[in-house]
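Me: Hi! I'd like to go through this model with you, a bit at a time. Could you start with the terms and then take my questions?

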Amino acid sequence: MKIQTHELKNANGMRVVVSNVGCAIINLCVPGKDGKIRDVVLGLDKPEDYLGKHYYLGVIIGRVGNRICNGKFTFEGKEYQLATNDGEQHLHGGVEGFDKKIWHIVEATEQKITFSYTSPDGEENYPGDLTTHCTYTLTDDNALRIDYLAETDTKTIANLTNHSYFNLEGHDAPGIYGHTMQINADQLTDVDETLIPTGGFVNVAGTPFDFNTPHTIGERIETAGNVNKTGGYDHNYVLNGKSSAAVVSAPGSGITMTVTTDMPGMQFYSGNFIDGSVTGKGVTYQKHSGFCLETQLYPDTVNHPNFPSCVVEKGKPVRSFTTFAFS
C-alpha cells in the first residue's frame, strides 16, 4: 500500500499533517498569542520514518495500548503469550503494533480524514480479527477531534489511543517544564516498579501527582520520577468525569490545550525515555522534550476484572473520542 500524507486546515491558520503510517500526526500547527504559528507536536521528517524507531511519536497505538503484565492474559478460557518488548512487559501492541501499519485512507477532505486497518486473527498473537477506524477532524474552533471505532467478527480485546508528544512552546523548544498542567482526576491506578498495575488505586491528594489545581510540569517532576523510578511522570490518571480531562498552558506562546474524552483513564507521560537518538523536523529530541496525554482504558486492564472492560464483541462496535482544543 502506498505511503501517503494529508493536510487538514481551517480558516484560522491551524494546520494538521497526518500520514497513513500509523495514522501519525506529523505536524500540528497552532497560532500563538503573538500570531506566530507554532508546530506543537514532536514528529519525524518523512512518513516512511515512522516505520522505524520513533518512541511512538504521534501515532495510533493498538491493538492494546500501554502495558500488559509479562505479556500474558487469559481470554475465553485460553492463555495468550504476547511479545515482551518492554523488559518483561508487553507494550503498545507489541513488536509491530498499529503504529507500524500502513492504514487505508477511507475518505479525506480539507478538515477530515478517516483511516482503517484490519488486524487479522493471530497478529502479534492477539485473538480474532479486529477492524479499526480512526477519524481526525479539524474544527473551525481550533480543535482536533479523534474518533475511534473498533469492531470484530470474533470476540477480542482492544484499547486504542493516540501517542502524540506535545510541546506548546513549539516542538523545537528545549523542554516542557514551564507548562502549567491541570488534570481532573482524584486517583491513579497503583503500579509496581515495572509500571504494572497492582489492581488498586492511589489518591493523588498531597502527592506530586495531584494536578487538580494547576502546577507546572517541572515543579515536582523529579520527586514524581523517584516514586517508581520512571524519571518523571508515566502514570494512568482515573478521570473524575468533569467537563475536561486536562488543561495545559504554555506561558511563552500563550497556547492553551484542553483535552476532553469519554475514556475513563489518561496516561500522563513526560517523555522520560527520549534519549537524543531520534531526530525529526530538524531537531534532536531529548528527555522531557514533549508530554503525552494518552486517553485510554487502564493499563493491563485485561488482567484486572475490576478495571473497565477492553472486550470487543461481534456485532457490538466500540466507539470512543478525544478532542484536543487549542486557544
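Reply: Happy to! Contact, or touching, means heavy atoms within 4.5 Å. This is a predicted model, where local features need pLDDT of at least 70, side-chain atom pairs count only at pLDDT 80 or more, and totals for chains, interfaces and linings use all residues. Residues are numbered from 1 along each chain as its sequence is written, and side-chain values use heavy atoms, with hydrogens and water left out.

Me: Thanks! What does S244 touch, not counting residues up to four places away in sequence?
Reply: Leaving out those sequence neighbours, S244 touches N184, T258, V259 and T260.

Me: And is S244 buried or exposed?
Reply: S244 is buried, with a relative accessible area of 11%. Buried means under 20% relative accessible area, exposed is over 50%, and partly exposed lies in between (1.4 Å probe, protein chains only).

Me: Where does S244 lie?
Reply: S244 lies in the loop between β20 (234–239) and β21 (246–249). Strands here are DSSP runs of E with at least two residues, while helices are runs of H or I with at least four, numbered from the N terminus.

Me: Backbone next. Which residues does the cis peptide bond join?
Reply: That cis bond joins G62 and R63, with omega about 5°. R63 lies in the loop between β5 (60–61) and β6 (67–68).

Me: What about the phi of Y55?
Reply: Y55 has a positive phi of about 55°, although Y55 is not a glycine. You'll find Y55 in the loop between β4 (37–39) and β5, and Y55 is buried at 17% relative accessible area.

Me: And what is the phi of D300 near?
Reply: The phi of D300 is near 55°, again positive in a residue other than glycine. D300 sits in the loop between β26 (292–296) and β27 (311–312), and is buried with a relative accessible area of 4%.

Me: Let's switch to L57. What does L57 touch?
Reply: Not counting residues up to four places away in sequence, the contacts of L57 include A24, L42, H163, Y165 and Y285. L57 lies in the loop between β4 and β5 and counts as buried at 1% relative accessibility.

Me: Last topic: which residues touch the most other members of the largest nonpolar core?
Reply: Those are L28, Y136 and F326, out of 57 residues in that core. A nonpolar core is a set of buried Ala, Val, Leu, Ile, Met, Phe, Trp, Tyr and Cys residues joined through side-chain atoms within 4.5 Å. A second, separate core of 20 residues includes V21, L44, L91 and C292.
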